[in-house]
Amino acid sequence: MLKLNIGCGPNGQVEGFINIDNSKAVFLAKFPKIKKLLFQMRLISQKKLEHDWTGVRWMDASRRLPFVSESVDKIYCSHFLEHIPLDKGKHVLKDCHRILKKGGVMRLVVPDLLWYAEKYVDQTKELLKNPELVQNREVHDKFLNSLYGAYLNKNRYGLNHCYMYDLPTLVAVLKSVGFQNIHKCEFKEGIDNELPSYDSRPIGSLHLEIRK
């Protein structure tokens with residue numbers, strides 16, 4: 001079976017899958033001495049120094065995926081889609097539809113805009129009940145950071161969200177690229193007996209299982 005894990009990062013690698021990511025750190029991992037030197041020069045953090053990219057292939061999923069049409073059995077994609085603009089996101093999903101076999105399955109996990117919006121509204125209402133806390137910016141800025149943090153921190157552009165999805169929006173995008181069999185699932189639950197086990201973010205995530 002051919003199985004693909006899109007946007008795996010350094011901590012989301014899955015055994016038996018082709019794990020892909022477009023981070024420059026994939027290349028840097030091949031040169032540990034240079035990586036250590038960059039850390040000593042304080043150009044990368046301790047966390048980035050310790051990240052293990054072994055087994056990850058560099059690939060830009062926002063371009064055409066180098067797989068034959070209807071050749072992939074399973075696709076797992078968690079917390080990747082929100083980091084690219086909507087037009088590129090549509091392209092990725094359309095390409096996933098192309099390479100997925102008939103009867104193949106994709107599990108798609110993204111931050112849930114509705115969850116973040118409801119949290120913001122509830123916390124803001126609590127602040128408004130107490131005049132002493134009205135000037136607190138924390139709730140407001142966390143919400144904006146979850147939507148598109150580059151508005152508040154220009155230096156973190158590459159790490160921020162470019163778009164946010166809720167269930168109606170994501171279903172509409174999936175159907176526009178050809179998917180019809182779409183199911184909302186709970187954390188670590190689904191019809192497929194393998195893909196749900198790789199879920200790692202139970203809070204604030206939208207989990208979908210899509211069959212071609």
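**Aromatic pairs and a helix contact in a predicted model**

Tyr 198 is partly exposed, with a relative accessible area of 25% (buried means under 20%, exposed over 50% and partly exposed in between, with a 1.4 Å probe and protein chains only). The model is predicted: local features need pLDDT of at least 70 and side-chain atom pairs pLDDT 80 or more, whereas totals for chains, interfaces and linings use all residues. Residues are numbered from 1 along each chain as its sequence is written, and side-chain values use heavy atoms, with hydrogens and water left out.

A pair of aromatic rings is described by the distance of the centres and the angle of the planes. Rings of Phe, Tyr and Trp (its six-membered ring) pair if their centres lie within 6.5 Å; planes under 30 degrees apart count as stacked, over 60 as edge-to-face and the rest as tilted. By this rule there are five aromatic pairs. In one of them, the ring centres of Tyr 76 and Tyr 198 are 5.9 Å apart and the planes stand at 75°, so the pair is edge-to-face. Tyr 76 belongs to strand S4 and Tyr 198 to the loop between strand S6 (181-185) and strand S7 (205-211), 122 residues apart. Tyr 76 is buried, at 4% relative accessibility. Ring pairs also join Phe 17 with Tyr 76 and Tyr 198 in a cluster.

Tyr 120 and Phe 143 form a stacked aromatic pair, 4.5 Å centre to centre with 15° between the planes. Because Tyr 120 lies in helix H5 and Phe 143 in helix H6, the pair ties together parts 23 residues apart in sequence. Helices (H or I, at least four residues) and strands (E, at least two) are DSSP runs, numbered from the N terminus. Tyr 120 is partly exposed at 25% relative accessibility, while Phe 143 is buried at 17%.

The axes of H5 (residues 113-128) and H6 (residues 138-148) come within 10 Å and cross at roughly 170°. The two helices are therefore roughly antiparallel to each other (an angle over 145 degrees). Residues in this contact (heavy atoms within 4.5 Å) include Leu 113, Tyr 116 and Tyr 120 of H5 and Val 139, His 140 and Phe 143 of H6.

Elsewhere, Ser 62 lies in the loop between strand S3 (56-58) and strand S4 (72-78). Ser 62 is buried, with a relative accessible area of 14%. Leaving aside neighbours within four places in sequence, Ser 62 is in contact with Lys 88, His 91 and Val 92.

Notes:
Axes fitted to C-alpha atoms, helices over the stretch in contact; angles between N-to-C directions. Parallel < 35°, antiparallel > 145°, perpendicular 65-115°, else oblique.
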